[in-house]
Amino acid sequence: MGLRDYVIIRVLLTIPLVLILLSVVFLLIRVLPGNPCLLKFEHNLDPQDLATCERSLGLYKPLYVQFIEYFVGLFRGNLGLSMVDFQPVSAQIVSRFPATLELTLYAFLIAVLVGIVLGSLGATKRGSVTDGAVKVIGILLYSWPVFFLGLIFQLIFGVYLHWLPTGGRLCPGCQVPQGLTIGSIHIQTGVYTVDSILAGNLPALADSVSHLILPATALGLVISGVFIRITRTNMLETLRADYVTAARARGLKGRTVVYGYALRNALLPVVTVMGLQFALLLSGAVLTETEFNIDGLGRFLVDRVNYLDYTAIQGAVVFIAILIATVALLIDILYAYLDPRVRL
Amino acid sequence: MLAGLAMVVFIVAMSVLAPFLGTQDPTFLGTKVDSPPSPQHPLGTDIGARDMLARVVWGGRFLLVVAVLAVLLCMAVGVPLGLLSAYRGGMVDRVVTLILDSIYAFPSLVFALIVVIVFGASVFVYALAIAVVYVPSYFRVVRSQTLTVKELPYVDAAKSVGAGRLAIIRKYIWPNIIPSVVTVATINFADAILITAGLDFIGVGDLTRPDWGVDLYYGRTTILSGAWWVIAFSGLMILVTTLGFSLISEGYAERTNPKLR
Amino acid sequence: MASKTITTGSILRVEDLYVEYRSDRGTAKAVQGVSLELKKGETLGIVGESGSGKSTLGFAVMGLLQNPPARWSGKISFEGKEISSIGEGEMRRIRGNKIAMIFQDPMTSLNPVMKIGSHFVEYIRTHEPSVNEEEAIKRTEAIMRDLGISPSRINDYPHQFSGGMRQRVMIGLALALKPHLIIADEPTTALDVIVEAQILELLKELKEKYSLSLVLITHNMGIVAQMADRVAVMYSGKIAEVAPVLKIFEEPKHPYTQALLQSIPTVEAGRRVLKVIPGSPPDLTNPPKGCPFHPRCPYVFAICHDEEPKLLSTGEEAMAACHLLSRK
């Protein structure tokens, strides 16, 4: 089948996956021992507050009604109101997501680049000192607690060397980049690096980049560990493959053979792993955002969790679940694009 | 692999023997806040003027207990589930796989965070949260190995001479899944430590407990004044522990698959 | 089957080739002092079991031995010019261009993520950079027609072809740039008998059509009977016997060759017990002293344990390495 058919089928398959995930989330939150309102107001048990809370969460309704309302709300994009500030959760998530997106995207890019470059380096220089170093670096990186690396970076580059800021997304008091306005259309993504490029605001770009370097690199390096290892392992195999020898026998240039034949095939399993790594990336983002004081989805989750704001937590988890399903889908499509054998 | 074993043994020994090692009380709130390493406090003190050396020695216990529990729980559920599902096949298998695949992709830390907040920060809750997220890993690996071995000609041969299901599992499938299970278990250990320490770092756990993650939580603000010792040693310990397990995992994998060298 | 186009010049000469592989278990002596000559237009069959060194010989000629773990010495000349000591850059221009190789397993010899057409186009343009893409595609389509593959499949991927068709593609690739010499390493071993016959026929046709010289490496005496002009039998990295094909079949002089011929089951033999060669192939890290075949040889006598037999002439263009020959 062609790529198009594969994509369609894959999208259709994602739907039950997402539905299951969302149901699991629902069950988890609802089937808690005790009553979210009770747990939240455990210190000052004002019956009035308790009643209002319960009513707003619809807790007195039978479970299946709650379930239906939950899904209906989801389709409408309504994730309920926060129990802390009574603001719509969906709006809060949407406003914070760009920060997380920015961080994870750059971290991911770093991870993939470092992973592939070092991994292929190790494989092509197999058995040498370089290869040994690559192996060690790989294991070291993926074992390294991301928050520890972040702290080290803050210490060295922020406190000792004063080269880079240790927190936040922009300098204190600096204005948020405005994006681009064409006529009546205003494009502002919330991703500061993109917005500052759109607005042609170079100082803002430099500022947001300088705030991104430490967190994105810390997160990216830790994630790259697995990529290094898998790229190396797979390339060791592909370099010995018959089609590589056959390609060499045809007199193709060494570089063509290594990259077009060996690496290209070695990367396929790496793409498969990317989906898993994305989950790790999100986990890492939660820690990194907290550590570097970045106002993204991760920190939102941590904050709300501390307040026991159940609707916010549920909303965030739902969002993450859908995000993951989408990313998994995209990665599968990418894989099908790269490996024609899968499309059949 | 040996290096890894050595590291893990060291950490485990240190943690188990902590009460007998004669360090200062890791929870004792003294007066010399945030002081650098000195003869009295070889690794310095933290924000609560607690001796860092003591905290380093004592800090791994909770993490290790959680990890052990999590791995045991996880294996107890994941392995049989994988075996059964692969054997049953059909609709049951597909449904279970679909459900577990959905969980598999979910970020473990996020899940653990929510569970711990809701159910409290005790050892069992941590272990349970981590276990739930890791069951799919064992499940997958056991299931795929079982499916492969199940179809092999020598299993058919065994069946044709009347070997019962249990015998087949015991003799053929079990030895084949052990390497994969061990590999997943070691990674599981390392991850459990990282997740628990990570949650402590966010401040979700019991902050009075001597714990490397908690040290990093307290150290977060202190380092801004250059006090490197409040995080360096505790962080290093976490690294050594996870690195140890990872090395064991890699070493073991290399042993059973010579291509990787 | 004699080729029509053998000339007297030699196109390939191997002198005193030694190849060793270092491995965890020791150093495997894959090729030990092999010297061979191939004449222009000739088909030389190299026969032996696995581990005899025949494939290694092929790789050595192509310059494809990986420098660790392999170590080698000796002289290889192609069309009068020495190629064993030239640099990689020069060798790369010869490889695939003047000397081409056909590999054993068509299922794994093509890049799974590259279209069939791309294999050819990339190949052509590597050696002839002046050719543009369009032209390269046209040439590819012509080659595919020659091979009996529909040119409309030029954008298909390897996994969409059967084993037989993939081997045709391999042959097509080998011939695309009209090389002078082809080394075919067990080209039909991975194929079933019917496809094998087709491939061999194709090979013969193309060889005559383009006046190629062919080194055919195989363990199958039947193929050698069909295709070769001369045959070299290898055992344990050494040449046991060399002779024109008829002579090898009618008057094999080396006990190993005789055993090989006897072990082929034939229809005429009726229900005879299958004759096998007793013992097992030699351990290349620790080959037997003296004649490598002596542990399994039915005619073994004293000197075989101690002294390596030299290649002695047994007739025109024929040699064998066996102590029986010096015994009168």
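Predicted model: local features only at pLDDT ≥ 70, side-chain atom pairs only at ≥ 80, totals over all residues.
Helix 6 of chain B covers residues 123–151, which makes 29 residues. From its first C-alpha to its last it reaches 41 Å, close to the 42 Å expected at 1.5 Å a residue.

Helix 3 of chain B can be examined in the same manner. This helix has a kink of about 25 degrees, centred on Met75(B). Helix 3 runs over residues 61–88 of chain B, and because each of its 28 residues is taken at 1.5 Å, it should span 40 Å. Its end C-alpha atoms are 40 Å apart, which agrees. After helix 3 of chain B comes Gly89(B), a residue with a positive phi, near 65 degrees.

Read from the N terminus on, the elements of chain B are α-α-α-α-α-α-α-α-α-α. Buried residues are 47% of the 261 residues in chain B. Among contacts in chain B with a separation of 6 or more, 69% are between residues 24 or more positions apart.

Chain B is also divided by its domain assignment into domain 1 (1–59 + 230–261) and domain 2 (60–209). Where the two meet, 19 residues of domain 1 of chain B are in contact with 14 residues of domain 2 of chain B. On the domain 1 side, helix 1 (2–17) and helix 10 (229–256) of chain B each supply at least two residues. The largest share of that side, 11 residues, comes from helix 10 of chain B. By class, the side of domain 1 of chain B that touches domain 2 of chain B has 11 nonpolar, 8 polar and no charged residues.

One residue of chain B can be followed in detail. Ile193(B) lies in helix 8 of chain B. Is Ile193(B) buried or exposed? A residue is buried if 20 or more other C-beta atoms lie within 10 Å of its own. Ile193(B) has 27 C-beta neighbours inside 10 Å, so it counts as buried. Leaving aside neighbours within four places in sequence, Ile193(B) is in contact with Leu63(B), Ala67(B), Ile238(B), Thr241(B) and Thr242(B). The C-alpha atoms of Ile193(B) and Gly60(B) are separated by 9.1 Å, although the two residues are 133 residues apart along the chain.

Chain A contains both kinds of element, with 13 helices and 2 strands. Of its 344 residues, 46% count as buried. Residues 24 or more positions apart account for 72% of the contacts in chain A with a separation of 6 or more.

Which chains have the most contacts between them? Of the 2 pairs of chains that touch, chains A and B have the most contacts. Their contact takes 36 residues from chain B and 39 residues from chain A. On the chain B side, helix 4 (90–104), helix 5 (108–119), helix 8 (165–202), helix 9 (212–222) and helix 10 each supply at least two residues. Helix 10 of chain B gives the most to this side, with 9 residues. The residues of the side of chain B that touches chain A divide into 26 nonpolar, 7 polar and 3 charged.

Chain A also meets chain C, with 19 residues of chain A in contact with 22 residues of chain C. Helix 10 (242–249) and helix 11 (254–292) of chain A are the elements that give two or more residues to the chain A side. Helix 10 of chain A provides the largest share of that side, 7 residues. The side of chain A that touches chain C has 9 nonpolar, 3 polar and 7 charged residues. Chains B and C are joined by no contact, and their closest C-alpha atoms lie 11 Å apart.

Not counting residues up to four places away in sequence, Ala321(A) touches Val18(A), Leu21(A), Leu22(A), Val25(A) and Phe106(B).

Definitions and conventions:
Residues numbered from 1 in each chain as written. Chains lettered and ligands numbered in written order. Helix = DSSP H or I, 4+ residues; strand = E, 2+ residues; numbered from the N terminus. Expected span 1.5 Å × (residues − 1). Bend = angle between axes of the 7 residues up to and from the residue. Contact = placed C-beta atoms within 7 Å. Nonpolar A, V, L, I, M, F, W, Y, C, P; charged D, E, K, R; others polar. Domains from an automatic or database assignment. Buried ≥ 20, exposed ≤ 12 C-beta atoms within 10 Å, placed from the backbone.
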